[in-house]
Amino acid sequence: MREDEFSQLFDQLMESRRADMKTKFNRVLPSGELIFNRFDKAGCLHAGEDSSVYDTSVIMGDVEIGKHVWVGPYTILEGINARLHIGDFVSINAGVMIYTHDSTKYYLSGGTEKFCKGDVFIGNNVVIGTMSMISCGVTIGNHCVVGANSLVNSDIPDYSIAAGTPARIIGKVVTSKNGKIEYEYFHTDKR
């Protein structure tokens with residue numbers, strides 16, 4: 001097949017898939033998302049059942065992904081320098097970055113200090129908000145919410161709501177007697 005023939009067929013395929021996605025789901029996605037299946041990518045990573053990883057996600061090193069995990073677009077999950085464990089029923093929203101290393105002191109010292117390295121553990125039933133960053137050596141407990149645009153550089157205990165830069169615990173996740181999830185926020189406003 002000649003290059004121009006291939007190019008024409010490819011353009012037709014992309015046009016068809018884009019129209020299909022728009023009609024079925026009212027979405028217009030990057031081209032890679034139309035070509036590659038996010039569930040297949042999760043399978044390639046040996047993620048748990050019903051997990052999906054967007055094509056635009058960068059996954060490096062020792063990353064363990066549990067069941068029913070959604071890894072959104074434009075995320076970075078780095079497990080090159082230590083282990084990154086993600087539990088079950090975790091939502092890692094668009095643009096989230098999780099690192100098992102920190103090279104800041106290395107560069108500030110002109111290379112005389114080593115990279116900081118540490119395992120990152122994310123528990124079960126966790127939501128990590130859009131554009132958040134999780135630093136090396138951090139553990140996020142079970143049933144936690146991390147607000148959008150947060151920098152998590154210290155551990156977050158079970159049933160916590162954390163937000164900010166650096167992230168602070170601002171509330172807790174409560175399961176009511178009838179099994180519904182509710183949020184209880186701490187009032188720290190001193191106005």
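Q: What space lies in the largest pocket?
A: The largest pocket holds about 230 Å³ of space, a volume being the space filled by probe spheres set on grid points joined across faces, edges and corners. The model is predicted: local features need pLDDT of at least 70, side-chain atom pairs count only at pLDDT 80 or more, and totals for chains, interfaces and linings use all residues. Residues are numbered from 1 along each chain as its sequence is written, and side-chain values use heavy atoms, with hydrogens and water left out.

Q: Which residues of the lining of the largest pocket are the closest to its centre?
A: Met-21, Glu-33, Phe-36, Asn-37 and Arg-38 are the closest, out of 13 lining residues. A pocket is an open set of points on a 1 Å grid over the protein atoms alone, where a 1.4 Å probe fits and protein lies on both sides within 12 Å along at least five of seven lines; a lining residue has an atom within 4 Å of a point.

Q: Which helices each supply at least two residues of the lining of the largest pocket?
A: They are helix 1 (3–25), helix 2 (31–35) and helix 3 (38–44). Helices (H or I, at least four residues) and strands (E, at least two) are DSSP runs numbered from the N terminus. The protein has four helices and 17 strands.

Q: How many aromatic pairs are there?
A: The count is five, where rings of Phe, Tyr and Trp (its six-membered ring) pair if their centres lie within 6.5 Å, with planes under 30 degrees apart called stacked, over 60 edge-to-face and the rest tilted.

Q: Why is the pair of Tyr-106 and Phe-115 called edge-to-face?
A: The ring centres are 5.1 Å apart and the planes stand at 70°, so the pair is edge-to-face. Ring pairs also link Tyr-106, Tyr-107 and Phe-115 into a cluster.

Q: Why does Tyr-183 count as exposed?
A: Its relative accessibility is 52%, and exposed means over 50%, buried under 20% and partly exposed in between (1.4 Å probe, protein chains only). Tyr-185, at 44%, therefore counts as partly exposed.

Q: What makes Ser-132 buried?
A: Ser-132 has 0% relative accessibility and so counts as buried. Ser-132 lies in the loop between strand 10 (126–128) and strand 11 (133–134). Leaving aside neighbours within four places in sequence, Ser-132 is in contact (heavy atoms within 4.5 Å) with residues including Gly-95, Val-96 and Ser-150.

Q: Why does Thr-75 count as buried?
A: The relative accessible area of Thr-75 is 1%, so the residue is buried. Thr-75 is found in the loop between strand 3 (70–71) and strand 4 (76–86). Beyond its neighbours within four places in sequence, Gly-95 and Val-96 are among the contacts of Thr-75.

Q: What joins the side chains of Ser-176 and Asn-178?
A: A polar contact of 2.3 Å joins them. The term means a pair of N or O atoms within 3.5 Å; within protein, one must be able to donate a hydrogen and the other to accept it, and residues adjacent in sequence count only if both atoms are side-chain atoms. Ser-176 lies in the loop between strand 16 (168–175) and strand 17 (181–185).
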